[in-house]
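Here is a short report for a reader new to this structure.

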Amino acid sequence: MPSSIAHLLSKLNLEHITHSDIQPFFEVLHKETRVQITHEGSSFEGRSIKRISYGHGPIVILAWTQMHGNEATATASVFNLLDTLLQSSDKRLNNAQTLFTVHIVPMLNPDGAQRCIRHNAQGIDINRDAMAKQTPEGNILMHLVDTLQPNVAFNLHDQSPYYQCGTTGNPSTIAFLAPAFDIEKSVDDSRQLAMALIGRMTEAIYPHIEACVARYDDTFSPRSFGDRIAGKGAATILIESGAARGDPNRQIARSMNVIAILEAMSMLQDRHHQKISQAAFDKYQLQYWKIPENICETLSSLLIRGLHFSGVHSYQASISIKQTSRYSRQFYIDTVGDLHVQAGLVDYDASELTYDTGKAHTLNAPTIITNESYKQWLKQGVIQFQGETHHLSNQSDYQVMLNQPVGANSQALVLQQPAYFLMRKGKAIVAAVINGALIEID
């Protein structure tokens, strides 16, 4: 039987989630007898920060998300998790309501979410405020930790789309970490439990996102909440939601968060009922260290491989193209050269093609651009338009460069410039990069 919030879940398939987007869930959940809604305090600008509590068992779990305002994937995940718990649809969990007490803060930084920025309204990164405690949001979180004393804490974030899972060439769709609580990276019982849980969580999600699960860097960060909370004795688990190919709203990472947390709860249940041996526990802990490392900045939005550049000094080079920022609509030339160690969310073999700067067309009459007509312009070598803006009506799915010509260097690309160029085979234009989007031309 669907839960009371099931009909709302599809509404969170969004690029970004704000405070207003989750209010319908609270309106419904206020009528749900199996959960309790608690107003924990207000953000710097006065937005309510709420905690949802489910169950009344001895294993206490605390999960929080959107500590960074522009990291919203797990905000959707925790409502999916709650939906599963309310439905009692996960067959691995028996009587979850009497074994677990699950506390969820689905949006710790509503002011940052409103602006779609990392920091709060004070301009402070909440996750670097665990020592100074100058943010109301950070104080709310630490108060919850101190009063609820969770056995397990889930610190839920998003990461850059450009993290690679080891050297697989795949995006790091989920990255786990059992954070260190001191500079020596000591391992106490709680951190050992976090590692073992991650080992089993990885085992559960790996079939769904093979070779896209990574292990985050465990350098001790004394200002960060995860590290501080681990030092208070909670088995703390960081989950970083990352990119997946063809998944702009990170719905794959959204679902993996749910599968992973439910698997952790299943293992905690087994452990509580003494149904997991020490050998099995040790195996999962060892698996933690076998997870590939989360490698930063070795992915691109688009990687053009082996494009030829003709001229006095002819050469062949690969091109990395990235967004100016995660939610930006602008893409730029990031790196040119030997990029065999890198991979792309979109990977294109241009080894038989040659770079072409393209040319500009002057608008003298009303011109409508559709997907098909854009390809015809590109086929003619036109990559930018000049003239009166009212003459141009762009009805295509692509951006049009209008009165912003990129310097035309027929023998080289310019780093940090907008990503617009053509590729030809012989004299025929066969592909184009338009603001980071690859267009193949028949």
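A residue counts as buried under 20% relative accessible area, as exposed over 50%, and as partly exposed in between. C296 has a relative accessible area of 39%, so C296 is partly exposed. C116, at 25% relative accessibility, is partly exposed too. The model is predicted.

**Cysteines**

How many disulfides does a search of the whole structure find? It finds zero. A disulfide is a covalent bond between the sulfur atoms of two cysteines. To count here, the two sulfur atoms must lie within 2.5 Å. For C116, the closest cysteine sulfur belongs to C296 and is 19 Å away, too far for a bond. For C296, the closest cysteine sulfur is in C165, at 14 Å, which is also too far for a bond.

**Helix packing**

The table sets out their geometry.

| Helix pair | Axis separation | Crossing angle |
|---|---|---|
| α2 (residues 73-87) and α8 (residues 251-272) | within 8 Å | roughly 50 degrees |
| α6 (residues 189-205) and α8 | 8 Å | about 125 degrees |

Take α2 and α8, whose axes cross at roughly 50 degrees. That angle makes α2 oblique to α8. The crossing of α2 past α8 is right-handed. On the α2 side, the contact is made by T73, A74, A76, S77, N80, L81, T84 and L85. On the α8 side, it is made by A253, R254, N257, V258, I261, L262 and M265. Sorted by class, this contact of α2 with α8 has nine nonpolar, five polar and one charged residues.

Now take α6 and α8, which pack at an angle of about 125 degrees. These helices are therefore oblique to each other. The crossing of α6 and α8 is right-handed. From α6 come L193, A196, L197, R200, M201, A204 and I205. They meet α8 residues including M256, I259, A260, I261 and E263. By class, the contact of α6 with α8 has 13 nonpolar, one polar and four charged residues.

**A glycine in α7**

G226 sits in helix α7, which covers residues 225-231. Is G226 buried or exposed? Its relative accessibility is 4%, so G226 counts as buried. Leaving aside residues up to four places away in sequence, G226 touches N127, N155, P179 and T236. A178 is 48 residues from G226 along the chain, and the C-alpha atoms of the two are separated by 8.7 Å.

Methods:
Residues are numbered from 1 along each chain as its sequence is written. This is a predicted model: local features need pLDDT of at least 70, side-chain atom pairs count only at pLDDT 80 or more; totals for chains, interfaces and linings use all residues. Side-chain values use heavy atoms; hydrogens and water are left out. Helices (H or I, at least four residues) and strands (E, at least two) are DSSP runs, numbered from the N terminus. Buried means under 20% relative accessible area, exposed over 50%, partly exposed in between (1.4 Å probe, protein chains only). Contact means heavy atoms within 4.5 Å. Axes are lines fitted to C-alpha atoms, for helices over the stretch in contact, and angles run from 0 to 180 degrees between N-to-C directions. Angles under 35 degrees count as roughly parallel, over 145 as roughly antiparallel, 65 to 115 as roughly perpendicular and the rest as oblique. A crossing is left-handed if the near helix is turned anticlockwise from the far one by less than a right angle, and right-handed if clockwise. Ala, Val, Leu, Ile, Met, Phe, Trp, Tyr, Cys and Pro count as nonpolar, Asp, Glu, Lys and Arg as charged, and the others, Gly among them, as polar.
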